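Thank you for sending this model over; my notes follow as numbered points, and each is meant to be read beside the structure itself.

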Amino acid sequence: MRFYAICVYLFLYIPIGVIALFSFNAGRHASQLQGLSTKWYGKALSNPFVMDALETSMIVAFCSALLASVFGTMAAVALQGIRGPVRVAFDMLIYVAVMIPGIVIGIATLIGLVTVFDQLNPVIAAIWPVGFNPPKLRMGIGSLIAAHTMFLMALVAIIVRARLAGMDRALTEASSDLYATPLGTFWQVTLPMIFPAILAGFLLSFTFSFDDFIIAFFVAGSETTLPIYVFSSIRRGVTPEINAIGTMVMGVSLILLISAQLLLKRERRKSR
Amino acid sequence: MLIIPLTVVFIFSFGERAPSGGVVLALTVEQYVNLPARWAAFKNTMTLAPIGTLSALFIAYPLAYFLAVKSHPRWKTILLVLVIVPFWTSILIRSYAWIFLLGGRGIPALLEWVGIEGLRLINTPFAVLVGIIYGYLPLMVFPIFVSLDKLDKRLLEASSDLGAKPWKTFLQVTLPLSIPGIATGCMLVFILLMGEYLIPALLGGGKVFFVGNALVDLFLQSRNWAYGSAVAVTLVVVMLVIVTIYMRLISRLGARREDVSIM
């Protein structure tokens with residue numbers, strides 16, 4: 001039994017370890033280890049395409065995680081006040097949004113946004129002053145952020161709701177008995193209590209958005225995020241540079257994930 | 001926000017392809033009549049998704065059992081986190097690792113060294129299957145672990161006190177009580193596999209392709225949105241039908257179990 005478990009752990013971690021090991025390869029060939037060096041990290045970090053893709057990914061991940069945290073929290077708090085069938089329906093929707101395969105979300109957002117843009121673009125062109133070039137709405141960073149926000153909102157809402165459900169109702173009741181306005185209660189009582197959950201939701205959303213390939217593939221238009229860059233270079237062949245990028249991406253996601261876990265754990269211990 | 005785009009996809013699926021690559025709205029079933037042209041994609045998905053789900057289940061169950069029942073309480077959480085962590089990191093890079101391992105100079109080179117030659121692993125259904133198991137194993141372990149961890153250990157003791165052999169205790173007590181976890185895990189993995197794109201794209205090398213790959217091709221490369229929408233709608237419908245039948249079966253299984261326990 002124990003032997004079996006060790007085998008499964010090896011199965012889970014050997015591939016990751018191999019990638020990390022070969023990223024320090026000094027040789028030019030991806031699959032022959034010829035001494036250790038960090039030169040491929042330097043190469044990756046000085047490649048303008050990589051840096052461009054990284055910048056796009058960071059902007060998208062930060063904006064969509066921020067928006068998802070705000071809207072997800074709002075949804076969770078609003079749902080707290082609602083009872084009955086409306087709430088059941090919203091609960092269902094939130095879970096469905098998390099469970100739908102990414103590819104369907106990607107296609108749906110692509111088609112939805114393109115349809116909206118096709119309707120709006122002539123209108124904008126018509127009202128734009130004559131002589132200037134009217135702006136054209138199209139797929140890009142904006143649509144990426146929109147798609148990721150929509151999908152991550154549900155994730156934040158689930159995390160924050162779990163925290164809200166564990167909160168003592170007496171606290172908010174006491175606050176309103178002491179004549180705090182509902183908004184005051186939210187700012188001074190509810191928000192500080194759910195803040196760790198929101199932060200954890202933010203970190204998880206950031207990692208998700210940063211690692212996402214399939215949704216971005218559909219809605220990124222001409223923009224390139226880091227996963228899209230990695231995907232297209234893998235198709236051209238395996239290089240030590242990709243190993244270095246992969247190791248860095250894994251490292252960053254691991255750090256963010258562990259922080260999110262620690263936040264949620266500490267909070268759970270506090271509420272006991 | 002999620003429903004509107006899905007409705008548009010549904011409407012598009014009855015349209016026709018516009019010369020410029022868009023969609024002309026119409027009411028025709030032409031796109032659905034053409035579906036058999038992508039039969040191979042559906043066939044691959046419908047064989048490899050269930051096989052992948054079952055293989056993941058068989059590998060995950062003993063591990064979940066070990067974690068929940070046999071492991072030391074102090075190590076339990078850490079060991080569980082170690083299983084989950086890979087799942088939260090980029091599936092793209094984890095699949096890439098297997099290109100590396102299964103490719104010419106990885107495992108085949110090792111096998112050649114022991115004397116097995118000319119074995120081709122990458123770009124085969126086997127490679128896709130390995131990628132699937134690797135990618136979704138954590139998602140399968142977690143729900144099974146939760147259901148086994150909740151299980152009252154006194155039931156196991158009672159069973160062995162009453163003279164049941166270990167394997168009989170397992171078959172008659174542990175396994176039935178962990179069915180909810182198995183059901184959740186299988187459903188999660190199966191649903192995600194139906195829409196999988198990356199693993200077949202990277203490890204199948206264009207030879208083993210899923211419906212997801214057909215969708216990317218239709219929407220992004222050949223820009224035949226009407227046909228693509230029809231394929232997408234069919235995928236979602238097939239998925240919903242299978243999940244509904246599956247839920248029925250599981251709840252019936254659960255109901256029968258309750259009858260037994262009342263007796």
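How many helices and how many strands are there in chain A?

1. Chain A has eleven helices and zero strands, and its elements run α-α-α-α-α-α-α-α-α-α-α from the N terminus on. Helices here are DSSP runs of H or I with at least four residues, strands are runs of E with at least two, and both are numbered from the N terminus. Chain B, by comparison, has 13 helices and two strands.

2. This is a predicted model, in which local features need pLDDT of at least 70 and side-chain atom pairs count only at pLDDT 80 or more, while totals for chains, interfaces and linings use all residues. Residues are numbered from 1 along each chain as its sequence is written, and chains are lettered from A and ligands numbered from 1 in the order in which they are written.

3. The C-alpha atoms of chain A fill a box of roughly 70 × 70 × 30 Å, taken along the principal axes. Buried residues (20 or more other C-beta atoms within 10 Å of their own, with C-beta atoms placed from the backbone) make up 39% of the 272 residues in chain A and 39% of the 263 residues in chain B. Taking contacts as pairs of residues whose C-beta atoms, placed from the backbone, lie within 7 Å, and counting those between residues at least 6 apart in sequence, 78% in chain A join residues at least 24 apart; for chain B the figure is 72%.

4. Within chain A, helix H3 (residues 48–81) and helix H8 (residues 182–211) pack at an angle of about 140°, with their axes 8 Å apart. That makes H3(A) oblique to H8(A), a class that holds whatever is not under 35 degrees (roughly parallel), over 145 (roughly antiparallel) or 65 to 115 (roughly perpendicular). The axes are lines fitted to C-alpha atoms, for helices over the stretch in contact, and angles run from 0 to 180 degrees between N-to-C directions. The residues of this contact divide into ten nonpolar, nine polar and no charged, where Ala, Val, Leu, Ile, Met, Phe, Trp, Tyr, Cys and Pro count as nonpolar, Asp, Glu, Lys and Arg as charged, and the others, Gly among them, as polar.

5. In chain B, the axes of helix H4 (residues 73–88) and H7(B) come within 8 Å and cross at roughly 145°. B:Leu80, B:Val83, B:Ile84, B:Pro86 and B:Phe87 in H4(B) meet B:Pro138, B:Leu139, B:Val141, B:Phe142 and B:Phe145 in H7(B), and by class this contact has ten nonpolar, no polar and no charged residues.

6. The contact between the chains takes 42 residues from chain A and 45 residues from chain B. On the side of chain A that touches chain B, H5(A) gives the most, with ten residues, and that side divides into 33 nonpolar, eight polar and one charged.

7. Not counting residues up to four places away in sequence, B:Trp98 touches A:Pro15, B:Ala127, B:Val130, B:Gly131, B:Tyr134 and B:Leu203.

Conventions: Two residues are in contact if their C-beta atoms, placed from the backbone, lie within 7 Å. A residue is buried if 20 or more other C-beta atoms lie within 10 Å of its own, exposed if 12 or fewer, and partly exposed in between; C-beta atoms are placed from the backbone.
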